[in-house]
Amino acid sequence: MTSAEDRLFNEIQAIRAIDCHSHVPADAPHARGLADLLGYHYYTELAHSAGMPAKAVDPSRPEADRVAAMVARLETIDNTVQYGWLMKALRNLFAFRGDRLTAETWPEADRAVAEAGARPGRYREVLEQSNLEKVFLTNAFDEDLSGVDREVFVPCLRTDDLVFQLADASVRQRVAAKTGVEVGSADDLREAVRRLMNYFAEQGAGSAAISLPPDFVPAGPDAGEADPLVARAARGEDLSVDEGRCLAAFVFETVAEACRDFQKPLQLMIGVLRSVYPAGVAGGRDLFAKTGTLHQYAGLFNRYPEVDFTVSVLSRTWAHELATYAWIFPNVKPSGHWWYLNVPVHIEYELRSRLEAVPKTKLIGYYSDMYKVEFGLPKFTMYRRALSRVLAREFVEPGRMSEETAVATARLLLRENPKRIFGL
Amino acid sequence: MTSAEDRLFNEIQAIRAIDCHSHVPADAPHARGLADLLGYHYYTELAHSAGMPAKAVDPSRPEADRVAAMVARLETIDNTVQYGWLMKALRNLFAFRGDRLTAETWPEADRAVAEAGARPGRYREVLEQSNLEKVFLTNAFDEDLSGVDREVFVPCLRTDDLVFQLADASVRQRVAAKTGVEVGSADDLREAVRRLMNYFAEQGAGSAAISLPPDFVPAGPDAGEADPLVARAARGEDLSVDEGRCLAAFVFETVAEACRDFQKPLQLMIGVLRSVYPAGVAGGRDLFAKTGTLHQYAGLFNRYPEVDFTVSVLSRTWAHELATYAWIFPNVKPSGHWWYLNVPVHIEYELRSRLEAVPKTKLIGYYSDMYKVEFGLPKFTMYRRALSRVLAREFVEPGRMSEETAVATARLLLRENPKRIFGL
Amino acid sequence: MTSAEDRLFNEIQAIRAIDCHSHVPADAPHARGLADLLGYHYYTELAHSAGMPAKAVDPSRPEADRVAAMVARLETIDNTVQYGWLMKALRNLFAFRGDRLTAETWPEADRAVAEAGARPGRYREVLEQSNLEKVFLTNAFDEDLSGVDREVFVPCLRTDDLVFQLADASVRQRVAAKTGVEVGSADDLREAVRRLMNYFAEQGAGSAAISLPPDFVPAGPDAGEADPLVARAARGEDLSVDEGRCLAAFVFETVAEACRDFQKPLQLMIGVLRSVYPAGVAGGRDLFAKTGTLHQYAGLFNRYPEVDFTVSVLSRTWAHELATYAWIFPNVKPSGHWWYLNVPVHIEYELRSRLEAVPKTKLIGYYSDMYKVEFGLPKFTMYRRALSRVLAREFVEPGRMSEETAVATARLLLRENPKRIFGL
């Protein structure tokens with residue numbers, strides 16, 4: 001590491017960051033034992049990919065057996081960055097001193113996690129140590145948000161079920177239970193979405209969010225065309241594939257409208273294909289295809305100039321489009337490095353490409369996407385390191401930026417931009 | 001910067017380069033004030049993307065107001081390489097000494113640009129200082145080239161309107177006025193294109209050029225099939241979308257034929273989508289989609305072995321194909337780094353990939369694509385720096401090339417290849 | 001080169017590697033003269049791309065004339081990595097001391113190659129010097145394998161002709177001659193493929209292999225649907241394009257079944273388009289298109305969990321999918337860096353991306369794809385260097401791996417993984 005890189009890293013570590021996307025459960029935000037860490041899909045799916053039978057981590061098995069199975073496989077994945085997150089979390093948050101987890105050392109580590117996890121307010125301790133000021137949640141649309149610790153957590157309305165499962169009676173029942181609206185028409189739907197957004201806004205939500213398949217085209221029908229589709233779905237009638245797409249596009253449009261009306265950003269997470277490998281472990285079945293283009297979203301970006309779209313893509317092939325659409329569209333904000341792109345090699349390339357050609361005030365540097373707060377520290381540290389490296393090697397050392405400006409730029413990406421864009 | 005890189009950069013700065021693609025207007029080649037620099041679409045579109053209303057730079061507003069609006073937004077884009085071009089141009093060409101343009105400092109800079117711009121032959125002075133021997137223009141097909149300063153400028157026949165707008169009566173009238181041919185048939189069209197090319201060749205043109213959308217397939221109908229389409233277009237009849245494509249492909253074919261007959265290269269600039277963001281500032285509305293493949297052009301490359309196709313692509317996803325098609329097809333020459341790929345992170349990767357696998361005699365290193373000659377210096381300097389870095393780190397330091405060979409290779413890319421390929 | 005990189009390179013050079021894919025002919029594995037080296041398609045196609053007429057290396061011309069024509073063009077391609085392989089082979093294997101091959105120096109080099117080539121067991125000498133333990137061949141399905149030197153060579157059943165040319169009577173005759181089965185039905189086909197695989201397995205084959213176009217979708221019809229297609233093909237009836245695809249997918253499925261039943265990996269080499277440039281030199285006519293997605297293969301990976309698919313792709317745009325599918329699917333193993341991706345710039349990026357997110361036990365580092373054993377040394381040296389660089393810069397220097405672990409990881413990629421996966 002060069003010395004400019006070292007100095008920048010120290011400064012960037014001191015920036016109190018905002019984590020604008022996670023799956024932390026408000027009622028169980030931190031780990032209670034090693035199983036909560038090793039059960040993260042990154043570890044189970046990689047261990048399975050390396051040969052561990054999926055049933056070795058089936059929830060029906062005793063926790064200790066699952067942990068032992070995982071520990072036995074860790075060596076096969078110790079080259080990965082994900083393994084690095086685990087060891088860093090154990091070392092920094094639980095004072096683990098071993099070289100690696102083994103059949104001998106894991107029970108002690110497990111006890112350390114359990115003991116720390118039993119302390120009141122443990123998640124706040126972890127976030128403090130991670131230098132994270134706020135962490136966004138991803139809440140089901142009918143979640144009760146009254147118990148959320150709003151000091152550190154920010155609700156976010158996840159709309160996947162609404163948009164893609166409205167034909168499912170149980171989804172409509174959940175909507176009715178939460179909003180009092182029995183959705184039977186396009187107007188009902190708009191009203192229901194409005195009420196959901198209103199509730200979330202009242203509870204301090206920072207945004208709505210949705211994950212989308214690569215072929216999704218957000219070009220919905222108008223309400224007149226959508227009305228019969230909503231009605232038929234409400235009556236439990238089967239829709240054709242095309243009609244289902246049409247309905248989804250219409251629901252999506254009502255979400256975009258609600259974002260506009262409530263002045264909330266919409267987090268677009270583009271590109272996922274669900275259950276590509278159905279025999280995989282839980283959370284380790286989804287992949288993507290590189291097909292499609294961000295051009296599919298141009299109409300949306302044009303229709304809603306008032307809505308900030310914070311956009312993540314899942315395929316490397318979409319990354320250049322994302323940087324350029326953000327270069328041109330005022331309301332497109334590239335956001336973090338999602339899932340299969342959350343790997344240093346890709347982060348460094350894309351980060352450099354955004355820093356070289358997108359206004360610095362538009363970049364949301366990073367989010368953790370984590371399921372337990374313990375992963376915030378190693379994931380953000382990985383990003384802070386990538387940011388230091390790119391700023392040092394491509395901006396400071398070639399004389400394109402002073403170190404002060406580089407640190408100020410990092411502060412925008414990690415803290416000030418998400419605060420401003422999400423209205424915190 | 002390593003010392004090999006330093007030494008190479010010094011040598012490469014001394015190479016007198018050829019700029020084979022620009023939009024410099026022959027009758028107003030240099031800036032007359034700061035508005036000519038800040039009005040470059042890179043600045044207005046980035047400032048708009050960062051939040052400046054498009055109307056702030058509407059041509060109807062007084063120039064000083066536009067400049068002031070731009071200056072007020074510059075800080076939001078000071079991380080970008082484009083901002084770097086501006087400051088380098090101001091410092092090297094106008095002795096600007098400030099740290100940044102501000103409400104206080106811009107009027108002085110404006111005066112400096114105006115004073116320099118008033119000097120006779122200013123553009124020659126700028127090109128001299130930029131170490132550029134020749135700059136290609138991009139001329140409308142009916143432009144009068146008699147006043148072009150052929151000492152430094154090289155005409156180039158832009159064929160976009162011909163190929164994609166022939167159904168437009170005003171285009172056909174311009175053709176008739178310039179060539180004397182009222183295009184009513186496929187044969188007329190061939191004759192008109194031939195006369196245009198003849199005129200351009202007589203005026204020293206280096207090539208024809210065209211920008212193309214990502215789904216364009218240059219597989220035209222034969223003259224027999226095209227004849228009725230040309231005739232119907234000439235009568236002002238509406239063509240279907242498919243017929244329009246067919247007509248465009250036929251006109252394109254006549255351009256390729258003319259290039260063959262007049263032994264001129266054809267500059268293919270592949271991938272642009274026009275007006276994706278219609279509410280953007282002038283020049284800041286176009287983007288691209290990553291769809292399509294260079295394989296669409298394989299037939300063309302096979303049909304015209306005598307024509308040099310100098311090819312630029314707009315999407316990073318096309319770049320690998322470009323390097324490999326150039327590796328196989330003798331008549332495919334990768335050319336520069338266009339627009340949304342004209343960013344160091346992409347330049348360095350693609351440059352390395354071309355240098356590692358394409359014959360060095362086929363590479364056209366760079367062109368400026370500029371609208372005023374003042375941007376030649378910072379853009380070419382950016383490229384010379386990328387070239388020094390790639391040659392030093394990937395070729396000289398690992399022992400794959402001597403420094404002498406590296407400089408000789410740079411000379412091919414910047415000067416000797418474009419001179420040979422474009423017949424200068 | 002950093003010192004960690006130096007030290008790693010020395011250690012990695014000492015690893016006895018397995019080369020799991022080549023086109024070395026068992027009966028003429030090493031060069032008998034310079035023409036065998038300069039006749040490699042990389043040199044003839046690059047020289048042709050740089051301006052040498054294809055007929056200059058037509059097999060009908062005297063060998064010395066062909067060599068002289070090639071030597072005269074070498075300077076135009078001396079920047080390429082392929083040129084680097086040639087010079088390294090000449091220097092390390094034939095004690096060539098000149099700076100370059102010239103009209104003066106090539107006859108001596110030719111004599112050196114001829115003399116060495118005349119020594120008994122020369123290919124073993126070359127492989128020993130290259131530190132390659134085993135080299136896979138790519139054998140025609142009806143090849144007689146009895147003479148193969150099984151000490152150093154491993155047969156591999158190439159299935160391209162079977163899958164894509166079964167409608168060709170000569171292919172069916174070759175099948176009949178080899179297996180005794182006259183293929184007239186789906187069952188016959190299965191039986192024939194089974195017999196071929198059985199023969200190859202008995203002869204120590206390590207795998208089957210196939211190269212595939214980018215639009216191939218391995219989703220075959222069932223035997224009932226395929227039966228009439230096989231029957232019609234067997235009667236010499238013409239199949240429509242769709243029927244031809246359907247038949248190919250069915251034959252492919254029988255190959256996958258045979259791999260499952262004989263527990264052999266299937267080498268998938270995805271993305272090639274044949275004869276894109278028909279006027280090119282022999283071996284220099286194929287290219288690719290970036291279209292398609294690895295998602296086309298998800299069904300296959302799901303249907304055959306017992307088969308190891310060692311996968312190579314030809315387009316850079318597929319590389320991210322490959323790394324992620326290998327991250328999720330236990331039976332997907334990324335393999336080497338194929339053809340148009342076998343260039344350091346791409347190798348380094350993809351190698352890093354695999355090392356950062358795919359279990360280390362699943363990575364097959366490299367194969368030579370060579371036609372004469374002399375190219376194993378320079379190609380593997382290029383890869384060993386890339387591996388040293390990536391491990392040093394991205395893993396050892398940032399503290400993510402010790403040097404010992406880095407060398408052990410390299411040993412997995414170069415040796416232990418291919419030995420285990422291919423059952424050597």
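Biologist: In this predicted model, is Cys259(A) buried or exposed?

Modeller: The model is a predicted one, and the values given here are computed from it. A residue counts as buried when its relative accessible area is under 20%. The relative accessibility of Cys259(A) is 1%, so Cys259(A) counts as buried.

Biologist: How far from Cys259(A) is the nearest cysteine sulfur?

Modeller: A disulfide is a covalent bond between the sulfur atoms of two cysteines. Cys259(A) is accordingly in no disulfide, and the nearest cysteine sulfur belongs to Cys156(A), at a distance of 9.0 Å.

Biologist: Which accessibility class does Cys246(B) fall into?

Modeller: The class between under 20% and over 50% relative accessible area is the one that applies here. Cys246(B) has a relative accessibility of 29% and therefore counts as partly exposed.

Biologist: What rotation superposes chain A on chain C?

Modeller: The superposition has an RMSD of 0.0 Å, and the shift along the axis is 0.0 Å. That is the relation of a three-fold axis. In chain A, the residue that comes closest to the rotation axis is Thr317(A), with its C-alpha at 3.6 Å. The rotation that carries chain A onto chain C is 120°.

Biologist: Which C-alpha of chain C is nearest the axis when chain C is superposed on chain B?

Modeller: Chain C is superposed on chain B by a rotation of 120° with 0.0 Å of shift along the axis, at an RMSD of 0.0 Å. The C-alpha in question lies 3.6 Å from the axis and is that of Thr317(C).

Biologist: What is the volume of the largest cavity?

Modeller: Rolling a probe the size of a water molecule over the atoms shows where empty space is left. The count comes to eight cavities of 30 Å³ or more. The lining of the largest cavity includes Thr317(A), Thr317(B) and Thr317(C), together with Arg316, His320 and Tyr349 of chains A, B and C. The volume of the largest cavity is about 170 Å³.

Biologist: How many residues in the lining of the largest cavity are charged?

Modeller: Among the lining residues are Arg316(A), Arg316(B) and Arg316(C). Arg is assigned to the charged class. The lining divides into three nonpolar and six polar residues, with the charged residues numbering three.

Biologist: Which elements of chain B give two or more residues to the lining of the second largest cavity?

Modeller: The second largest cavity has a volume of about 50 Å³. Its lining includes Ser312(B), Val313(B), Glu350(B) and Arg354(B). The elements of chain B that give two or more residues are strand S9 (309–313) and helix H15 (344–357).

Biologist: Which residues lie nearest the centre of the second largest pocket?

Modeller: The second largest pocket has a volume of about 810 Å³. By class, its lining has 19 nonpolar, eight polar and eleven charged residues. Helices H2 (34–38), H3 (41–49) and H4 (63–73) and strand S5 (207–212) of chain C each supply at least two lining residues. Of the 38 residues in the lining, those nearest the centre are Gly39(C), His41(C), Ala282(C), Gly283(C) and Tyr371(C).

Biologist: What distance separates the C-alpha atoms of Gly39(B) and Leu8(B)?

Modeller: Gly39(B) is placed in the loop between helix H2 (34–38) and helix H3 (41–49) of chain B. At 45% relative accessibility, Gly39(B) counts as partly exposed. Gly39(B) and Leu8(B) are 31 residues apart along the chain, and their C-alpha atoms are separated by 34 Å.

Biologist: Is Glu5(C) buried or exposed?

Modeller: Glu5(C) belongs to helix H1 (residues 3–13) of chain C. Not counting residues up to four places away in sequence, Glu5(C) touches Ser388(C), Arg389(C), Ala392(C) and Arg393(C). With 3% relative accessibility, Glu5(C) counts as buried.

Biologist: What is the phi of Trp339(B)?

Modeller: Trp339(B) is in the loop between strand S10 (332–334) and H15 of chain B. At 9% relative accessibility, Trp339(B) counts as buried. Although Trp339(B) is not a glycine, its phi is positive, at about 55°.

Technical notes
Residues numbered from 1 in each chain as written. Chains lettered and ligands numbered in written order. Predicted model: local features only at pLDDT ≥ 70, side-chain atom pairs only at ≥ 80, totals over all residues. Heavy atoms only, no water. Least-squares fit on C-alpha atoms with pLDDT ≥ 70 in both. 1 Å grid on protein atoms, 1.4 Å probe; cavity = no way out; pocket = protein on both sides within 12 Å on 5 of 7 lines; lining within 4 Å. Points joined across faces, edges and corners; volume = space filled by probe spheres on them. Helix = DSSP H or I, 4+ residues; strand = E, 2+ residues; numbered from the N terminus. Disulfide = S-S within 2.5 Å. Buried < 20%, exposed > 50% of the residue type's maximum accessible area, 1.4 Å probe, protein only. Contact = heavy atoms within 4.5 Å.
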